[in-house]
Amino acid sequence: MTELLTRLFVKNHTNTSDPHVRRAYGTLASITGIVLNLLLFVAKILAGTFFGSVAITADAINNLSDAGSQIISLISFRISAKPADREHPFGHARIEYVASMIVSFLILLIGFELLRESVTKILYPDPPEASPIAVAVLAASIAVKLWLGLFNRRLGRRIDSVVMRATAADCLSDAISTSAVLLATVILIYFPSVNLDAYMGVIVAILILIAGVKILNETKNSILGEAPSDEIVRQITELVESTPGALGLHDLTVHNYGPGHVLAALHVEVDGRVDVFETHDMIDNIERALRRDYGIEATIHMDPIVTDDDRITALREAVAHAVREIDPALRIHDFRFVAGTTHSNLIFDVVVPFEFRQTDDALRRAIADKISRLDPSYFTVVTVDRA
């Protein structure tokens, strides 16, 4: 069904990097969700009102909030497809993160309201009427929500959409909560004295709140900025290391401005003896390959290093070994040696994991102490890079 719908309503559906194709996918998912959730809302609100079930009514309100969330998603996909302009030079793709956060707030609001209403029903019971019609409505709702969740998950993976992934998670949560309501309704049919309606309403509300918090946390991380994924780091590293003339890379920074809008900056070490025009051409080729193969807009700084001086090479290895003795996770780059009459300067950067608890100044002192044991005339000038 998913493939059929995408072929019918998404032109050039395989070109997922095209903003217009992404918007078409978003429009398809949003309209599908709006229609199905509105139908579920109408069916459940009628069943909940007619049979006096707070749990079914709560489930109906949840479907209505889902329809509202899909409307927000529809608007966000249309905005995100807009091209870059003077005020937004990196495009509008991050609007998806804003939309996802709005969705999470709506889900939390609905969850709190349903929790309040369910607790009130526990304190002041009003047993609902059991009915096979209610069972049929709930069973159909579970089937629809499961399909809708799979539908959004597949499309979300296809176009790397945080909004669709959030919607898929919400649909799965809805299916679970509706299953709890269905269980309470079936029990009431066969055991009229056992009224779990309000308690299932509490379970539904809690599941809704959990889903809202999860979506909010994921969206918050996207907006604040996350470390690059292992996949992106692997792609960039493998490409650089496989390029003749590139001796290593460091200071990799990745900025995600939304799906399909990834910017990267990195330093590539090169042989200082090679002609600068030849090296520049090699750097251009790496940038072009990253753009062509992975859709990453990269800016690369080339770091020339000495490769034909045995003394400096040995000294660099000795310094790297001394730094690793402090912590095996530490590593150095941009090593330079400046000889003097009374002392010599060893200038380098040290890459430090965020988990490393020692302060930068304490680390510099520890490194200076280690290096002075190699030779008291060695002075260190260390730049600490937290990564």
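Reader: Start with the rings. How many aromatic pairs are there?
Author: The count comes to 4 aromatic pairs in this predicted model.

Reader: Take F50 and F51. Why is that pair edge-to-face?
Author: The ring planes of F50 and F51 stand at 90 degrees, and over 60 counts as edge-to-face, so the pair falls in that class. Their centres are 4.9 Å apart.

Reader: And F50 itself, buried or exposed?
Author: F50 is exposed, at 62% relative accessibility. F51 has 8% and counts as buried.

Reader: What about W147 and F151, stacked or edge-to-face?
Author: W147 and F151 are stacked, with 10 degrees between the planes and 4.9 Å from centre to centre.

Reader: Where do W147 and F151 lie?
Author: Both are in helix α5, which covers residues 132-159. They sit 4 residues apart, about one turn of the helix.

Reader: Is F151 buried or exposed?
Author: F151 is buried, with a relative accessible area of 0%. W147 counts as partly exposed, at 27% relative accessibility.

Reader: New topic, the open sheet. What is the strand order?
Author: The order is β4-β5-β6, 3 strands with mixed pairing.

Reader: Which strands stand at the edges?
Author: Those are β4 (331-338) and β6 (378-386). Each has a single partner strand, so one side of each is left without a neighbour in the sheet.

Reader: And the twist, what does it average?
Author: The twist averages 15 degrees from one strand to the next.

Reader: How many bridges join β4 to β5?
Author: There are 6 bridges between β4 and β5 (residues 344-352), and the two strands run antiparallel. H333 stands opposite D349 in β5.

Reader: Which strands does helix α10 touch?
Author: Helix α10 (residues 310-326) packs on the sheet and touches β4, β5 and β6. The direction of α10 makes about 140 degrees with that of β4.

Reader: Where does α11 lie?
Author: Helix α11, residues 360-374, lies across β5 and β6. It runs at about 145 degrees to β6.

Methods
Residues numbered from 1 in each chain as written. Predicted model: local features only at pLDDT ≥ 70, side-chain atom pairs only at ≥ 80, totals over all residues. Heavy atoms only, no water. Phe/Tyr/Trp six-rings, centres within 6.5 Å; stacked < 30°, edge-to-face > 60°. Buried < 20%, exposed > 50% of the residue type's maximum accessible area, 1.4 Å probe, protein only. Pairing = 2+ DSSP bridges. Axes fitted to C-alpha atoms, helices over the stretch in contact; angles between N-to-C directions. Contact = heavy atoms within 4.5 Å.
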